[in-house]
Amino acid sequence: MQQTARELAKQLSELLAGTEFGIGGSCLLQQLGIDVTPRDVDIICSEADYSIIHQQLATLLTPITLPTHPEYCSRFFQRFISQDGASDEGIGVDLMAGVAVKRQGDKQYFKFEPSRTELQHGIRWMLAADWLVLYQMFNRPQRVLQLTQYFALGKAFD
């Protein structure tokens, strides 16, 4: 049976215990009850822990090289792919630290705060409010709308 992104997120949370990171993206949206099917796991970590987290992920996942993106200019970024044997595709894992986006010649930065994460069901989650900011930075209007609607329903902002 093929592993889901959520199952991989839990496995990675256990692997990375003791480091400063949080999981967000579509896995977080699904956790919040927003109707999405995650195909990858997004991990943001402190710059100080990036190297150790990268090494830990590389013991379980395969690093892959992507072409440089014209707008995304995070200090550290690595995409990995899981190879669970059930699929040729695997599940993507994006590891980021020092998140930055270039817009009209200016850089926007996101400062990861480990204190703004919470452990639920064995997964170290980032806060939805932080992912609203990130999705705005990443120019992902559909995700911004989904989170805006989530908060409009009276969900806690952070």
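Mentor: Start with F21, which is buried, with a relative accessible area of 4%. Two notes on the source come before more detail. This is a predicted model, where local features need pLDDT of at least 70, side-chain atom pairs count only at pLDDT 80 or more, and totals for chains, interfaces and linings use all residues. Residues are numbered from 1 along each chain as its sequence is written, and side-chain values use heavy atoms, with hydrogens and water left out.

Trainee: Why is F21 called buried?

Mentor: Buried means under 20% relative accessible area, exposed means over 50%, and partly exposed is in between (1.4 Å probe, protein chains only). F21 has 4%, so F21 is buried.

Trainee: Where does F21 lie, and what is F21 in contact with?

Mentor: F21 lies in strand 1, residues 21-24. Helices (H or I, at least four residues) and strands (E, at least two) are DSSP runs, numbered from the N terminus. Contact means heavy atoms within 4.5 Å. Leaving aside neighbours within four places in sequence, F21 is in contact with S13, L16, I43, I44, C45, I53, F112, T117 and R124. The C-alpha atoms of F21 and M126 are separated by 8.3 Å, yet these residues are 105 apart along the chain.

Trainee: Is S46 buried or exposed?

Mentor: S46 has a relative accessible area of 10%, under the 20% limit, so S46 is buried. S46 lies in the loop between strand 2 (40-45) and helix 3 (50-58). Not counting residues up to four places away in sequence, S46 touches E20, A97 and F112.

Trainee: How do you know that Q104 and N139 are exposed?

Mentor: Q104 stands at 83% relative accessibility, over 50%, so Q104 counts as exposed. N139 has 54%, also over 50%, so N139 is exposed. Q104 is found in the loop between strand 6 (100-103) and strand 7 (106-109). N139 is found in the loop between helix 4 and helix 5. Neither is a glycine, but Q104 has a positive phi of about 50 degrees and N139 one of about 55 degrees.

Trainee: How do you know that the span of helix 5 is close to what is expected?

Mentor: The expected span of a helix is 1.5 Å times one less than its number of residues. Helix 5 (residues 141-152) has twelve residues, with 16 Å expected, and reaches 16 Å from its first C-alpha to its last. Helix 5 is followed by G154, whose phi is positive, near 90 degrees.

Trainee: Which residues of helix 5 are buried?

Mentor: R143, V144, Q146, L147, Y150 and F151 are buried. They cover an arc of only 160 degrees around the axis, which puts them on the same side of helix 5. The arc is that of the directions from the helix axis to the C-beta atoms. The exposed residues P141 and A152 are on the face turned away from that buried side. The cover over the buried residues includes helix 2 (25-31) and helix 4 (128-137).

Trainee: What puts the buried residues of helix 1 on one face?

Mentor: The buried residues of helix 1 (residues 5-15) are A5, L8, A9, L12 and S13. Seen down the axis, they fall within an arc of 140 degrees, so they line one face of helix 1. They pack against strand 1, helix 2, strand 2, helix 3, strand 5 and strand 9 (123-126).

Trainee: What makes a set of residues a nonpolar core?

Mentor: A nonpolar core is a set of buried Ala, Val, Leu, Ile, Met, Phe, Trp, Tyr and Cys residues joined through side-chain atoms within 4.5 Å. The largest one here has 44 residues, and V41, I43, L57 and W131 have the most contacts inside it. Helix 4 gives the most to this core, with six residues. Not counting residues up to four places away in sequence, W131 touches G24, G25, L28, D42, I44, M96, M126, F138 and L147.
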